Amino acid sequence: MTQYLIRRLLVFIPTFMAITLITYTLGFYGPGDPVRIRLGENWHDEEAYIALKHELGLDRPFAEQFFDYLLAVVQGDFGISIYRSDLPVGKAMAQTLPVSATLALASCLIIIFVGVPLGLIAALNHNTWIDYLLVSVTVLGSSIPVFVLAPIFMIVLVLKLNLINTIYGWEGFFSQKIIMPALILAFGPLLGVMRLTRQGVLEVLNQDYVRTARAKGLPRRTVVGRHVLRNAITPLLTNMGLVVAFLITGSILLEGIFGIPGFGGLIVKSLRQRDYPILMGTTIVGAAIIMLANLIVDTAYAYIDPRVKYD
Amino acid sequence: MRQTARISRRRFIQGAGGLGLAVLASACAPAVPAAEEESPAAQEAQEEPAARQVLTLAQAEPFKALDPHTMGTVVDLRYHEVNFNGLVRADVHYNIVAELAESWEVSDDLLNYTFHLREGLKWSDGSPFTAEDVVYSLNRNAAHEDPGTKRWLADIVGYESVRDGEAEAMEGVVAVDDFTVSITLDVVVDFLARLTFPAFWMVQRANVESGTPDDPWTQRAVSTGPFAIKEFSEGQRIVYESNPHFYEGPPELDEVVWLQLEDKQTQLALYENDEIDVVELDTVNVPRFREANDPELVEVDLIWWWYTWKKVLIPPMDDIKVRQAFNAAIDRTTLIATVLKGLYTEAHGIIPTTMPGHNPNVQDIPFDPDRAKQLISESSYGDVSNLPPVKFFQPGWSGIFGIAPRLIVALQQMWQDNLGIEIEIKVEEFEYESAETRAQMGINSTLARFPDLDAIVWEMAHSQSPRNAPDLNRWGYGNPEVDALLDQARYTGNRSEKQELYQQAEQLYITDAAIMPIMFNRLFVLVKPWVKNFEVGPTSTYPNTRNVIIEPH
C-alpha cells in the first residue's frame, strides 16, 4: 500500500506540470491583455502600457515567464492578482477555500442524510408509486439549473413564506444563511447518490445472505440496516470523495448568487476580469483537490471493500 | 486478506466516521474573520437596538482598488467617496465646492493656485492634518508605481521628475505654512475640476507606509472624509463608521455598509426583504417599477454616453460625406424607444445633459434615409457598391452591459435597410482592438469622472489626444479649427466663455461626423422611503452619504 501511495504521489508531479503548462499557455496566447485590464481607463496610454508590462515581467519570453512562475508555485507563491494589486493569490485562495469546503460539507450532509434514505425507500418500494415519485422528483429537481433554482428558493422561502430571515452572506456552518445554498448545491449530486443507493440496495436484496437472514426470522429493520444497507452503500462511500471535490470546486454560480466569499466565486470573478494569476492558482489548486480526492477514494476502497488490494 | 491489513475494515470505517465528525467540528469553527464573532448586525442590535443609523448599500461589480491613487473603475469611486476627500469636491450638480480647503486664490496667469486649509483639520485617527499632508499625497501619487490616476497630475511643475524617480517632490507643490498650500502648473487647465478627482485626494503617510501585502493599509485606511473604514471582509462587505474628526462634524449616519454581492437579482430580493436600503436596478427590472410609478425609483442621467466612432483616415471613413451618411441612416429615436425600451436619453452632442456646459441646441446629423443615400452618391465613392467592406469593432466588455449587443445589431440592421451596406461585426476580447481587426468604426462608451469639459471634448476631438493618434491605429481625427477652439478654451479663465468655446468645438466635431452620439446612460436606483437626503451623482456614485438620515421605520 505504501508503495502504491508513493507511486500515485509521484504521478502528481508530471500531472501538475502538464496542467500548469496548459493553463499558462492558454492564458498567454489566449485573447485579452492583462496589462490593458490593469491599466483600466488608461488602456490607451502606450507609455504606461510599456512600463507596466515591463514591471510585471510580461514582456519576457514565454519560457522564461513560465519557468519563473513554476518555480514560484513550487515555493508556494502564486503571485499577485492582476486586477487587485493588493491581493496575493495565495491569500485569496486561503480565505475562500475553507468557506467552500464548509459549504460542501453542509451539502454533503444533506446528500447523505436525505439521498441515502430516499434511495433506500425507493428500493424497498421498488416499482410502486413511491419509487416512481421519488425518482421523478429528484430527476426534475436536479435538472433545474442553479440560477433558476436559487431565485425560486429565495422568493418562496424568504419573501413569501418568511421561513428564513436573510439570504445574503456567510457566517459559517451554524448559521441559517447556509441552509439555502447548501440545499441547492446538494440538489444535483443528491440524484446520483439516491440512484446509487437504490441500485445497490436492489442488488443486495436479491443476494442469498439476505434471503438467509430473512429465513432466520430476523426483523425487517435488522435485515435492512445490518445486511442490506451496509453492503449496498460501499460503492456510495467511494463515490462521495468525488462528490466532495465537485462540491468544493463546483459551487461557481451559487456563491455569486448568495454572496458567499468562496472558491467558486473567486473563479468567476477572475474569469470576468481576465485575472490570470488567480485563474492559474485556482486551476492548479482545483486540480489538486480533485486528484487528492481520487487518491483518498482509491485508498479508502481497499479498506472498505476487502476484495480490493493494491500491491 | 483481512489478516494482512493493518487496520480492520470495521476500524477503518469507525475511524473515517470519527474523522468526518472532527472535520465537521472544525468546519463549524469560524472559517473567515467575519464568522469569528456574532454578526455585526446582531451585535449592534444588542448594543444599541434602535439608535444606530446604518445605511446599507450593495455593489455588484468588484472594486479594483481602495487606494484613491490607483482608482481603476467608477465602482472604486463609490467606495473612495465614503472615506476619502480632497481640497475641493464636486456636488451632485457638478459644482465645485470647498472641502478641506476653505478658500483659494488663482494667479492672473491661471498657473498658480494657493489653497487655505480649514483650521483644526484632523485625520480619522485624531492626528492633525496639515499642508504637509497635501504635499505628501500629491507627491505620493506622482511617484506611484500604478499608472492609476496620476496622469491627471501631469500638468503640475516637476511631475515628470517625480514620476521618473529623479526627484522626491514636485517643485510645483509647496507647503507655505501649516495651513497654506501653493500649487503651480506648467500649462493652464481647469485645475479645480481635476482636484475633485481621487488622484488629488488625501492619504496619510504613516498609514500608507505601514501597509504590507498581507495587511494592506487601504483595508484600515486613515482618512479625512466623512467616514472611516471600520471593517473589511474580503468579498463580503466593507463597513465604514462615522468619522468623529470630520471637519463638518460626524455625520448623522453611524455606519455605511457596502455589501459586495454580484448578483443583481439577489440584491433586489434583499431590498424587497428590507435588508438593504438602496439598490441599483438592472435594466430588465426597470419597466416593472416605472409602470407602477413606484415612488422609490430614482432615475438620474449620467455623465456617461454611448457613441459610434470612425477612423477618419481609413477608407471609406476618410470621406466626410460617407461618415455623415452613416449617421443620417440611424434613427436614434426609434432605436431608444424600441430596442432600448425608452430607458435612456437620446444624445446629439458629446457634453452630457448633467454636465455644466451641456448644449441642448447642438445640431447633429438628423435621421434621413434619402439624404443618407444622397450623401453617398455625393461622396468620392459615388455608390455603396464602391465602398470597401466595413468592419465594426465591438469591445468584449460591452457585452457586460446588456444593451450593447442589442444596440449593435439594431445599428447593423439600420445601415443595411437605409443604406444597403452590410457591416461585419468584429468582437474583440477587450477595449483594445487588435491589428487583425483593423475596423473602420466601432462602439464605445465614455464616463467623465470629474466636471472638466477639457477631459471630455479635448480627449475626444483634439488632434493631439491619444484617442486620435493615427500611428496607434486610433481614430485619427484632427480639425485645425477644432484644435484652435479647444486650445483657446483651455486657456480661458472665465467659466462661461470657456463653456461656449467648448460648445463651438463640439458642434464642429459633430458636423464632421467623426462620431455619432447615441445616448446618455441613465442610472436606476430604488431608495427606501426611510432614507432621507440620499442623492445620486452624475458619475453614478452616491457622493452625499454624509447628509443621509435614516428615519425610524
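Visitor: How much area is buried between domain 1 of chain A and domain 2 of chain A?
Guide: This is a predicted model. In it, about 400 Å² is buried between domain 1 of chain A and domain 2 of chain A. Carbon and sulfur atoms give 67% of that area.

Visitor: Where are the domain bounds in chain A?
Guide: Domain 1 is 1-89 and domain 2 is 90-272. Their centres, taken over C-alpha atoms, are 36 Å apart.

Visitor: And how many residues are in contact?
Guide: 4 residues of domain 1 of chain A contact 4 residues of domain 2 of chain A.

Visitor: What about polar contacts and salt bridges there?
Guide: The rule finds 6 residue pairs in polar contact across that chain A interface, both residues at pLDDT 80 or more. It finds 0 salt bridges. By class, the touching side of domain 1 of chain A has 4 nonpolar residues, no polar ones and no charged ones.

Visitor: Over to chain B. What are its domains?
Guide: The assignment gives three entries for chain B: domain 1 (51-83 + 206-277 + 528-553), domain 2 (85-202) and domain 3 (301-522).

Visitor: How do domain 1 and domain 3 of chain B sit, and what touches?
Guide: Their centres are 35 Å apart, over C-alpha atoms. The contact takes 8 residues from domain 1 of chain B and 7 residues from domain 3 of chain B.

Visitor: What's the buried area for that pair?
Guide: About 540 Å² between domain 1 and domain 3 of chain B, with 71% from carbon and sulfur atoms. On the domain 1 side, B:Val74, B:Pro538 and B:Thr539 supply 64%, more than any other three residues.

Visitor: New topic. How many aromatic pairs over all chains?
Guide: The structure holds 33. One of them is B:Tyr79 with B:Trp258, a tilted pair at 5.3 Å centre to centre and 50 degrees between the planes.

Visitor: Where do B:Tyr79 and B:Trp258 lie in the chain?
Guide: B:Tyr79 is in helix H3 (residues 74-83) of chain B, and B:Trp258 is in strand S10 (residues 255-260) of chain B. They are 179 residues apart, linking distant parts of the chain.

Terms used:
Residues are numbered from 1 along each chain as its sequence is written. Chains are lettered from A and ligands numbered from 1 in the order in which they are written. This is a predicted model: local features need pLDDT of at least 70, side-chain atom pairs count only at pLDDT 80 or more; totals for chains, interfaces and linings use all residues. Side-chain values use heavy atoms; hydrogens and water are left out. Domain bounds come from an automatic or database domain assignment. Contact means heavy atoms within 4.5 Å. Buried area is the accessible area (1.4 Å probe) that two parts lose on being put together, summed over both. A salt bridge is a side-chain nitrogen of Lys or Arg within 4 Å of a carboxyl oxygen of Asp or Glu. A polar contact is a pair of N or O atoms within 3.5 Å; within protein, one must be able to donate a hydrogen and the other to accept it, and residues adjacent in sequence count only if both atoms are side-chain atoms. Ala, Val, Leu, Ile, Met, Phe, Trp, Tyr, Cys and Pro count as nonpolar, Asp, Glu, Lys and Arg as charged, and the others, Gly among them, as polar. Rings of Phe, Tyr and Trp (its six-membered ring) pair if their centres lie within 6.5 Å; planes under 30 degrees apart count as stacked, over 60 as edge-to-face and the rest as tilted. Helices (H or I, at least four residues) and strands (E, at least two) are DSSP runs, numbered from the N terminus.
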